[in-house]
Amino acid sequence: MLTFYHSPQSCSNGILLLLHEVGAVFETKIVDVRAGDQRGATYLGLNPKGKVPALGLADGSTLTEFPAIALWLVESHPQAGLAPTGTIERARVLEALDFIVSSVHMRGFTFDKVPQKFMPDADGQATLRAHGRAEVAKGLMSLSAMLGDRPYILGDFSAADAALFYVLDWAAQDGGYDIPANLQACLARIKQRPAHAAAAPLLTR
Ligand SMILES: N[C@@H](CCC(=O)N[C@@H](CS)C(=O)NCC(=O)O)C(=O)O
């Protein structure tokens, strides 16, 4: 049995969606990052990086980092049909996952949402927030170009769409971003999937 460490409304929403997409058997433990649970001794013992998502594996070890968890989930559940079929297909999934998580999330939303983690003063925080928002806006344009007129970011639904899901959901909830129509349609498509309905109770707090 897998143990999923999750904070509703955080980036771990994408892994929750994927756990349901692949039909994984798992239990969920809530680590409320707004309450600071990720800095508690118990959780740091499991994941010293103090971040969600994390996945406790059957051998007692813990897997961290969104792209690694996402790729492991699809490859360890081949019956779901989401595992990349070849070397270039695997590289494309990683390429999209890394862009969404490392650029759009970490260099965009993180600076927009929690600039106080990086800058002590109000002016510095405002500058960083503006930088983060510009990075998200730029990222949305890149993602829109990647998506084109395909239903999902790489054509068929893939692990990369689990990451696309949470950043698009954050952008939509923010209300201040100009989300291109094809990305809006993609988000709506993801929300129509049975896995989204299964994940719904734990997507929001
Ligand atoms: N590089 C990590 C980023 C994870 C991350 O930033 N998680 C946030 C929630 S969206 C978190 O746990 N924040 C708590 C904190 O930084 O204290 C990954 O890919 O999983």
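**Notebook: aromatic rings, ligand and selected residues**

Buried means under 20% relative accessible area, exposed over 50%, and partly exposed in between (1.4 Å probe, protein chains only). The model is predicted, so I recorded its limits: local features need pLDDT of at least 70, side-chain atom pairs count only at pLDDT 80 or more, and totals for chains, interfaces and linings use all residues. Residues are numbered from 1 along each chain as its sequence is written, and side-chain values use heavy atoms, with hydrogens and water left out.

**Entry on the rings**

I noted 8 aromatic pairs in the structure. Why is the pair of F109 and Y177 called edge-to-face? The ring centres of F109 and Y177 are 5.8 Å apart and their planes stand at 75 degrees, so the pair is edge-to-face. (Rings of Phe, Tyr and Trp, the last by its six-membered ring, pair if their centres lie within 6.5 Å; planes under 30 degrees apart are stacked, over 60 edge-to-face, the rest tilted.)

F109 belongs to helix α4 (residues 87–113), while Y177 is in the loop between α6 (159–174) and α7 (181–191). The two residues are 68 residues apart, and the pair links distant parts of the chain. (Helices, H or I of at least four residues, and strands, E of at least two, are DSSP runs numbered from the N terminus.) Is Y177 buried or exposed? Y177 counts as buried, at 10% relative accessibility. I also recorded that F109 and Y177 belong to one aromatic cluster with F66, Y166 and W170.

**Entry on charges over rings**

W170 of this cluster has the charged end of K113 over its ring, 4.6 Å from the centre. I found R193 over the face of F157, with 3.9 Å to the ring centre. (A charge sits over a ring if NZ of Lys or CZ of Arg is within 6 Å of the ring centre and within 35 degrees of the ring normal.)

**Entry on H105**

I looked up H105, which lies in helix α4 and counts as buried at 10% relative accessibility. Which side chain makes a polar contact with that of H105? The partner is the side chain of Y166, at 2.8 Å. (A polar contact is a pair of N or O atoms within 3.5 Å; within protein, one must be able to donate a hydrogen and the other to accept it, and residues adjacent in sequence count only if both atoms are side-chain atoms.) Setting aside residues up to four places away in sequence, H105 touches C11, I100, T110, Y166, V167 and W170. Contact here means heavy atoms within 4.5 Å.

**Entry on L17**

I placed L17 in helix α1, where it counts as buried at 0% relative accessibility. Its C-alpha atom is separated by 5.9 Å from that of A195, although L17 and A195 are 178 residues apart along the chain. Apart from neighbours within four places in sequence, the residues in contact with L17 include F157, F165 and A195.

**Entry on backbone angles**

I noted a cis peptide bond from V52 to P53, with omega near 5 degrees. P53 is in the loop between α2 (41–46) and β3 (54–56).

Q9 has a phi near 80 degrees, which is positive in a residue other than glycine. Q9 lies in the loop between β1 (2–6) and α1 (12–22) and is partly exposed, at 27%. E65 is not a glycine either, and its phi is positive, at about 80 degrees. I found E65 in the loop between β4 (62–64) and α3 (66–76), partly exposed at 44% relative accessibility.

**Entry on the ligand**

How many residues surround the ligand? I recorded 17 residues, the closest being Q38, K51, V52, E65 and K117. (A residue is near if one of its heavy atoms lies within 4 Å.) An N or O atom in the side chain of Q38 is 2.8 Å from a ligand oxygen atom. For K51, a polar side-chain atom lies 2.7 Å from an oxygen atom of the ligand. For E65, an N or O atom of the side chain is 2.7 Å from a ligand nitrogen atom. The ligand has 510 Å² of accessible area on its own, and the protein covers 86% of this. (Accessible areas come from the Shrake-Rupley method with a 1.4 Å probe; for residues, only the protein chains shown count as cover.)
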